[in-house]
Amino acid sequence: MNRCKKPFPSLLSIALAVLIVPAGALVAGPAAAQELDPSATQNEAANGGRNFPPGTLRGSFLVVNPPEIQLDGNAERLAPGARIRSADRMLVMPASITGQNLLVNYTRDAAGMVRDVWILTPDEARAKRASAEKPLLNFWPFVSADSGPRDDGKTPFNQLPIFGQ
């Protein structure tokens, strides 16, 4: 009675795997490489800076008392686990920049809190970028911030816009 497994079936499966995996990689080809549209990133690297993710906004950033901050003079909060990166590409603790008014690029998380902050170099600051004048959580991309009637809080109920009009 032989209790040891014969090496032939395992060697055969390894050889087949070596032959099949490169063939699958060739079929995927360039479609597997996910490339971002350069115009979507608003690339500051063209002006000597870093690449920032799509949807990054620009604003004036002031740490009041961590996690409380001000963006363009409005009170905001840093998200739990928020990362602040300096112009030297190093992580910065919010307490070390308390009271400094800095020009930054930032992103928000799903709850609307500031998640990632990049302190800009002078070269990056020269590149144009959208600011926070857009609605905070506008999930419907086909509606601009200034389209349609707005409620100022003082409009009588019978004069409010009706859904679908």
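The legends below describe close-up views of a predicted model. Local features need pLDDT of at least 70 and side-chain atom pairs count only at pLDDT 80 or more, while totals for chains, interfaces and linings use all residues. Residues are numbered from 1 along each chain as its sequence is written, and side-chain values use heavy atoms, with hydrogens and water left out.

**View 1. Salt bridges of Asp 116 with Arg 83 and Arg 85.** A salt bridge is a side-chain nitrogen of Lys or Arg within 4 Å of a carboxyl oxygen of Asp or Glu. Asp 116 pairs with Arg 83 at 3.0 Å, N to O. Strands (E, at least two residues) and helices (H or I, at least four) are DSSP runs, numbered from the N terminus. The closest N and O atoms of Arg 85 and Asp 116 are 3.7 Å apart; here strand 3 and strand 6 are again linked, by residues 31 apart.

**View 2. Accessibility around Asp 116.** Relative accessible area (1.4 Å probe, protein chains only) is termed buried under 20%, exposed over 50% and partly exposed in between. Asp 116 is buried at 7%, whereas Arg 83 is partly exposed at 38%. Arg 85, at 23%, is partly exposed.

**View 3. The Asp 123 and Arg 126 salt bridge.** The two side chains meet at 2.6 Å, N to O. Asp 123 and Arg 126 lie three residues apart in helix 2, so about one helical turn separates them. Asp 123 is partly exposed at 32%; Arg 126 is exposed at 57%.

**View 4. Lys 128 after helix 2 (122-126).** Lys 128 is exposed, with 76% relative accessibility. Its C-alpha atom is 9.1 Å from that of Arg 58, 70 residues away along the chain.
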